[in-house]
Every structure is written in C-alpha cells, then in structure tokens.
Amino acid sequence: VVVWGLVGLTIVVVVLNRSRAGFLAFLGALGLMALWLRRWVPVALAAATTALEVATLPPAVKAWAASMPSLLDQLTQPDRPIIWQSAFEMVKAHPFLGVGVNTFVPAYPAHAVPGDPFGATGTGPYAHNQYLQLAAELGVFGLVVLLILIALVFRSVGRCRAARKAQPLTAWMAAGLGAGLAGYLFIGLFESSIFYARAGGIFWLLVGWIIAAERLSARPAPA
C-alpha cells in the first residue's frame, strides 16, 4: 500500500509540475522499466499519467502548445536555442580545458551570439543543457569523462539484470534506478541539473545506488 501510494504521489507531482521535459523523462523511464522487466505495469502507469496530464492541462497551456510548430519548439522555447548557440561558441573558443569550473555564467556575455538578449546584461544564464555547460566549463575532455562514467553505470545496470534469476529483487531495484537515471539524463538536455547542489546530488545518489546494486547482484544466491 505504501509503495502504491508513493507511485500515485509521484504521478501527481509530475503532472502538476507541468515540466515538459520532466513529463517526457518520466514516461521514458517507465518505458525502460517495462522493457527491462518485461512487465505491463509501467506501461499502464505511463498511460494513466498521460491521461491525467491531458485531463488537467489548463486551457492557456493548451493554446500555447498548439501555437508551437513542433514538439521540439514546445521543449526549447522561448530562449533555449539562442542560449545553446552561445554556449557552443564558448566550447569552440575553449575546446580542451574550457573556461573553468563555475564560470559559465560570468563568461557568457563574451561569447554571446548576435541577437542574444543576455549578451548585453553583463552576466549570462545557465546553459539549460548540462552537457553543453560541462563542455564549456571543463572542455570536451571533461564531457568525455562524464560520458564514460555514464556508460560504466549502465553497464552495471545490465549486469544486475543479467543476474535477475539469482537476485530478482536486486534486478528490479537496478532497473528502477537505471530508468530514473535515464530520465535524469534526458532532462539534462534541457536543464543544467547536475550543476545544482540538490539536483546534482540526485545524480550521484543514483550512481552510488546502482553500483551498490551491482555488488549485491554479484553475491551468491541464498541456499
């Protein structure tokens, strides 16, 4: 009962938060769980979440969404495309070592593209893309290190799933954690989540829990 209560609360929070990227990330995470666990329950939860979202969407939001030419525009408007262009200019100017840790915002105006309204403010926004911001601050090498870490973590998820006959509970845990991490990484395409203390902490908690699950799955099954 407690677990289902938490699931229901999560769905309500996702719907009422009205985060476009968060909503898609949640659906994608449920889809991954359905695929990995070969169960229909995550699909049913995704359908229920979508139905609740559609049923409770305010008319003003519906009108705004209808005015956008594509789903990509709904996810990126109004300012993200030009911010990404300026962030990419920063990466091109400092491709190897970047501009330095936590210096994206003060360095932004010097790399703003023409027409960027933030270029004349003296300080910039965050990148709204954690991968671009990481590459801008730490260079391409820093981004590569993060991608290698992510690949190793998902390899751990795969190992847990491979051991599901001996450790079924651990496999379920790893599938949920891995799906949650995938959703987090998707949101990172539109937000710089990893650069915030609380949101960045979620990333490292997921990574740590997945590694711990792999250690548990390597233990011999109880006799």
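Begin by selecting Arg 80, which is buried at a relative accessible area of 11%; buried means under 20% relative accessible area, exposed over 50%, and partly exposed in between, with a 1.4 Å probe and protein chains only. The model is predicted, so local features need pLDDT of at least 70 and side-chain atom pairs count only at pLDDT 80 or more, while totals for chains, interfaces and linings use all residues. Residues are numbered from 1 along each chain as its sequence is written, and side-chain values use heavy atoms, with hydrogens and water left out.

**Salt bridges**

Because Arg 80 lies in helix 6 (residues 80–93) and Glu 191 in the loop between helix 9 and helix 10, the pair ties together parts that are 111 residues apart in sequence. Helices here are DSSP runs (H or I, at least four residues), numbered from the N terminus. Glu 191 is partly exposed, at 22% relative accessibility.

Next, select Lys 92 and Glu 89, whose side chains meet in a salt bridge (3.1 Å, N to O). These two residues are three apart in helix 6, and are therefore separated by about one helical turn. Lys 92 is partly exposed at 49%, as is Glu 89 at 31%.

Then move to Arg 159 and Glu 214, where the N to O distance of the salt bridge is 2.9 Å. Arg 159 belongs to helix 8 (residues 130–162) and Glu 214 to helix 10, so this pair ties together parts that are 55 residues apart in sequence. Arg 159 is partly exposed at 42%, whereas Glu 214 is buried at 16%.

**Aromatic rings**

Select Tyr 184 in helix 9, a buried residue with a relative accessible area of 9%. Beyond its neighbours within four places in sequence, Tyr 184 is in contact (heavy atoms within 4.5 Å) with residues including Gln 130, Ser 193, Ile 194 and Phe 203. Rings of Phe, Tyr and Trp (its six-membered ring) pair if their centres lie within 6.5 Å; planes under 30 degrees apart count as stacked, over 60 as edge-to-face and the rest as tilted. By this rule there are seven aromatic pairs. The pair of Tyr 184 and Phe 203 is tilted, at 5.8 Å centre to centre and 35 degrees between the planes. Since Phe 203 lies in helix 10 and Tyr 184 in helix 9, the pair ties together parts that are 19 residues apart in sequence. A further selection is Trp 84, Phe 186 and Phe 190, which form one aromatic cluster.

**The largest pocket**

Finally, display the largest pocket, with a volume of about 1200 Å³. Of its 35 lining residues, Thr 10, Phe 26, Leu 30, Met 33 and Gly 176 are the closest to its centre. A pocket, on a 1 Å grid over the protein atoms alone, is an open set of points where a 1.4 Å probe fits, with protein on both sides within 12 Å along at least five of seven lines; lining residues have an atom within 4 Å of a point. Grid points are joined across faces, edges and corners, and the volume is the space filled by probe spheres set on the points.

Conventions. A salt bridge is a side-chain nitrogen of Lys or Arg within 4 Å of a carboxyl oxygen of Asp or Glu.
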